[in-house]
Amino acid sequence: MSLTYDLYQPGQSPLHRADPRVKLLLTVCASAALLTIQNLWLILLALAGVHGLLLGAGIRRERVVWIWRVTLPTVLLIAILWALLNPTPEEPWLVWWFVSLSAYNLAQGLAIGLRIAALAFVVFLWLFTTDQVELVLGLVALGLPYTWGLTLAMALRYLPTMGSAFRTISEAQQARALDLTQGGPVRRAKAYIPITVAMLISSLRTTQHVSYALESRALGALPYRTYLHQLRFRPLDWALTVGILLATGIFFWARLTLGLGTHPLVVWP
Amino acid sequence: MTTQPAIAVQGLVYRYDPELPALEGVDLEIANNAYLGVIGQNGSGKTTLVKHFNGLLKPTEGHVLVFGMDTRQASVGQMAHSVGYVFQNPDHQIFCATTREEIAFGPRNLGLSDDLVQERIQDALDAFALGPYADVPPAVLGYGLRRKVSIAAVYVMRPQILILDEPTAGLDRRSADELMRRVDAMHAEGHTIVLVSHDMQLVATHCREVVVMDEGRILVQGTPEEVFQEHAALARASLAPPPVTALAQRLADLGMPGHTLTIESFCQAYGRIREAHP
Amino acid sequence: MAEPPVIAVRGLRYRYPPSLPGREAELVLRGVDLDVARGEFVALMGPTGVGKTTLCLALNGIVPQSTGGVIGGSVTVLGHNARHTPVPQLARHVGIVYQDPESQLFSATVEAEVAFGPENLGLPRAEIAERVSWALDVVSMEASRERAPTRLSGGQKQRVAIAAALAMLPQILILDEPTAALDPLGRLEVFRVIEQLRNDQDMTIVMVSQDPEHVAAFADRLALLAEGRIVAEGPPAELFYALDQMEAVGVSAPQLAELSVALERCYGVSTRFMLLNEAEAALRAEWEPQP
């Protein structure tokens with residue numbers, strides 16, 4: 001399975017119905033909080049939480065698996081390198097040349113690796129549950145120019161298309177006897193040139209066609225534009241906003257005064 | 001020695017990719033030097049089927065054998081030595097700085113000698129009237145020319161089996177006729193041709209065998225004469241015979257044979273009937 | 001007094017900017033003259049690379065405003081000079097549907113796609129909603145309002161693209177080979193919608209097509225484009241039997257028109273036909289004794 005899905009997954013869950021600005025706030029606060037901790041248990045708790053939200057919002061299980069597949073190599077790489085190469089403040093179990101391993105290191109490596117996955121999940125939680133229209137409306141409501149929102153929405157819209165195109169191009173070049181499976185890393189990397197260049201040319205062409213299509217549909221006819229849908233900030237959205245801000249405030253207070261989450265294994269050091 | 005089919009498809013099931021229509025059990029034998037047309041609506045599984053012929057897709061269940069070799073055991077790059085595949089959109093392959101280079105890419109990958117590569121390139125440039133554009137970047141050419149470049153780039157590899165996905169889409173009449181003359185000539189030289197198309201006239205005129213796909217299965221197969229008389233099957237696949245055939249079938253009560261495929265055969269049959277009933 | 005044509009192209013010449021430095025592009029259009037009357041369906045046919053797409057883009061101002069290059073002659077659309085009226089302004093009068101569905105459907109839902117144009121025109125919400133419903137209804141896609149355009153069939157995608165243009169209430173619809181990528185069923189869907197637009201909305205239509213069978217059945221007038229000029233125009237029934245001319249231009253005639261000419265040559269069948277019903281009637285009349 002490749003990145004050939006639309007990111008947005010239609011649904012009627014509370015998360016789907018929440019205002020896009022609230023979801024953006026959640027993403028920003030959760031990311032900020034995640035970036036300040038390196039406690040394995042808290043990261044696992046955060047992962048469990050975001051999984052709960054994703055599945056609760058009716059996101060299909062394959063999509064969740066897909067995020068894991070995409071992030072897992074990075075997670076493992078970081079976890080292993082960190083665990084082995086970082087000096088440990090504790091008595092190591094194993095020392096060999098410049099490599100040392102301890103429970104502390106291992107937990108810290110895992111925590112930092114899994115943090116990447118958790119950050120990815122938080123961002124995808126936003127993208128999976130917010131449709132393009134709301135995304136743009138949310139950004140415009142926050143004061144960004146419409147074209148910025150449109151650009152972001154278009155990038156998201158064409159990401160899966162580019163994924164498909166990349167796959168087809170790779171198939172077409174292989175059908176001309178391009179072998180991607182033989183030789184060392186350098187030769188294999190070189191074998192990707194015909195694919196990348198064709199991809200670039202074909203993307204430029206698509207971009208040009210999209211820009212013609214946008215103009216033909218009156219983009220920029222007036223200095224302003226109107227919208228079919230309006231965002232409504234419901235009482236629930238206010239409640240969520242207050243909740244998110246409060247939780248973030250409490251978290252940072254605990255983080256700064258009590259050192260919450262600074263030790264890889266001990267929650268309250 | 002028994003004659004080995006070019007392609008043997010046995011119990012092929014494919015349902016892995018959410019983007020592609022699934023195949024629900026396909027059995028098919030394509031003889032060496034066959035000229036096969038594959039027709040059906042979009043989403044019927046035509047392209048999914050033919051993408052198995054050069055190993056782009058591997059069966060979920062069942063086997064696809066190309067000259068006796070299981071496609072699971074070879075990479076697409078290796079399969080390309082015997083199977084050529086012309087994709088529908090030329091922009092999915094054009095990347096070189098000149099048309100000449102673009103056409104040379106395949107033969108070079110096959111490891112052919114420089115002399116042979118040069119000879120073949122010249123032949124392909126002539127065959128598709130691309131000589132004047134040999135030193136121009138193919139990406140800046142118009143759609144029709146880009147399409148020709150992409151076909152020439154596979155033609156030049158002279159594959160024993162040639163698969164063409166909608167080869168005439170976007171080509172004008174003259175270029176389409178020219179292309180099909182080349183394909184017919186390759187068939188006459190002994191190559192096996194597989195043509196995927198929505199153009200019933202094209203299939204009726206050139207193919208010797210036709211397979212109708214619907215919902216991941218083969219609905220009917222046979223000669224074009226046979227298949228274009230299978231009204232129920234064609235209707236189920238939302239297809240209609242070429243206009244001349246449809247007309248002959250409407251005039252069946254006057255004695256027009258329902259397997260009339262071309263203008264020439266219509267005229268002949270018409271002449272015979274007129275002689276019989278002056 | 002006859003109404004002036006809604007599209008008037010006079011001596012249109014055009015050269016794209018050089019695609020490579022120092023290499024001047026060829027003249028694509030070499031003096032095109034074309035008039036289209038209100039409510040008319042004009043089909044444009046011609047070999048690849050003769051400027052059919054360029055002509056379409058000149059009718060909605062993309063050529064030369066977005067493409068650059070050198071232009072001569074005039075293009076007047078509903079009284080507006082298409083060379084200078086900004087493309088987004090012309091979009092109110094001229095809708096366009098391109099060949100590739102993928103690059104003209106850029107929204108996440110069908111509804112958002114169709115609302116995009118009216119939103120850019122700054123219309124009140126109620127009116128946008130009304131136009132979206134109306135346009136989707138015209139192309140029979142109301143039921144797919146919440147679906148992602150990427151998930152639709154080829155024919156459905158092009159119908160959404162038509163609806164997206166219609167929502168700006170243009171009087172002219174330009175279609176550049178809208179059925180080239182479609183299967184037979186998809187083609188028929190698109191032509192049916194166009195037929196309906198003509199009957200119900202009196203829409204003026206200019207369509208590039210490589211599909212002689214459908215042109216024969218649906219178009220009022222056929223214009224043959226070759227080497228940057230219109231070399232012949234007239235009702236399809238006039239041009240399609242001139243097989244030598246069609247051959248010289250490099251365009252296919254309907255198979256039945258070719259049959260009709262062949263039967264005349266071989267057996268003196270004098271009734272011309274190019275549609276299935278016509279053909280059946282004509283040949284039956286040849287057989288059955290005249291009253």
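How many salt bridges cross the interface of domain 1 of chain A and domain 2 of chain A? The rule finds 0. This is a predicted model.

## Two domains in chain A

Chain A is split into two domains. Domain 1 takes residues 14–130 plus 232–257, and domain 2 takes residues 137–216. Their centres, taken over C-alpha atoms, are 29 Å apart. The contact draws on 4 residues from domain 1 of chain A and 5 residues from domain 2 of chain A.

About 380 Å² is buried between domain 1 and domain 2 of chain A. Carbon and sulfur atoms give 92% of that area. On the domain 1 side, A:R21, A:L24 and A:L127 supply 75% of the area buried against domain 2, more than any other three residues. Helix 2 of chain A (residues 20–35) gives the largest share of the domain 1 side, with 3 residues. By class, that side holds 3 nonpolar residues, no polar ones and 1 charged.

## The fold of chain A

Chain A has 10 helices and 2 strands. From the N terminus, the order is α-α-α-α-β-β-α-α-α-α-α-α. The C-alpha trace spans about 70 × 60 × 30 Å along its principal axes.

Of the 269 residues in chain A, 47% are buried. Among contacts with a separation of 6 or more, 71% join residues 24 or more positions apart.

## Where chain B meets chain A

This contact takes 31 residues from chain B and 25 residues from chain A. The buried area is about 2400 Å², with carbon and sulfur atoms giving 55%. B:E19, B:H92 and B:F95 supply 24% of the area that chain B buries against chain A, more than any other three residues.

One salt bridge joins the side chains of B:E102 and A:R176, at 2.7 Å from N to O.

Several elements of chain B each supply at least two residues of the side that touches chain A: helix 2 (76–79), strand 6 (83–86), helix 3 (99–109) and helix 5 (143–155). Helix 3 of chain B gives the largest share, 4 residues. By class, the chain B side has 17 nonpolar, 8 polar and 6 charged residues.

## Salt bridges

Side chains of opposite charge can pair when their charged atoms come close. Over all chains, a search of the whole structure finds 35 salt bridges. In chain B, the side chains of B:R15 and B:E24 meet at 3.0 Å, N to O. B:E24 counts as partly exposed because its relative accessibility is 30%.

In chain C, C:R145 forms a salt bridge with C:E111, the closest N and O atoms being 2.5 Å apart. This pair links distant parts of the chain, 34 residues apart. C:E111 sits in helix 5 of chain C (residues 110–120), while C:R145 lies in the loop between helix 6 (125–138) and helix 7 (154–166). Both C:E111 and C:R145 are buried. C:R145 also meets C:E142 in a salt bridge, at 2.9 Å from N to O. C:R145 counts as buried because its relative accessibility is 17%. C:E142 is partly exposed, at 32% relative accessible area.

## Backbone details in chain C

The peptide bond from C:V63 to C:P64 is cis, with omega near 5°. C:P64 is placed in helix 2 of chain C (residues 62–65).

C:L78 is not a glycine, yet its phi is positive, near 50°. C:L78 lies in the loop between strand 4 (70–77) and strand 5 (80–81) of chain C. With a relative accessible area of 22%, C:L78 is partly exposed. C:E177 also has a positive phi, about 45°. Its place is in the loop between strand 7 (172–176) and helix 8 (184–201) of chain C. C:E177 counts as buried, at 10% relative accessibility.

Definitions and conventions. Residues numbered from 1 in each chain as written. Chains lettered and ligands numbered in written order. Predicted model: local features only at pLDDT ≥ 70, side-chain atom pairs only at ≥ 80, totals over all residues. Heavy atoms only, no water. Domains from an automatic or database assignment. Contact = heavy atoms within 4.5 Å. Buried area = accessible area lost by both parts, 1.4 Å probe. Salt bridge = Lys/Arg side-chain N within 4 Å of Asp/Glu carboxyl O. Nonpolar A, V, L, I, M, F, W, Y, C, P; charged D, E, K, R; others polar. Buried < 20%, exposed > 50% of the residue type's maximum accessible area, 1.4 Å probe, protein only.
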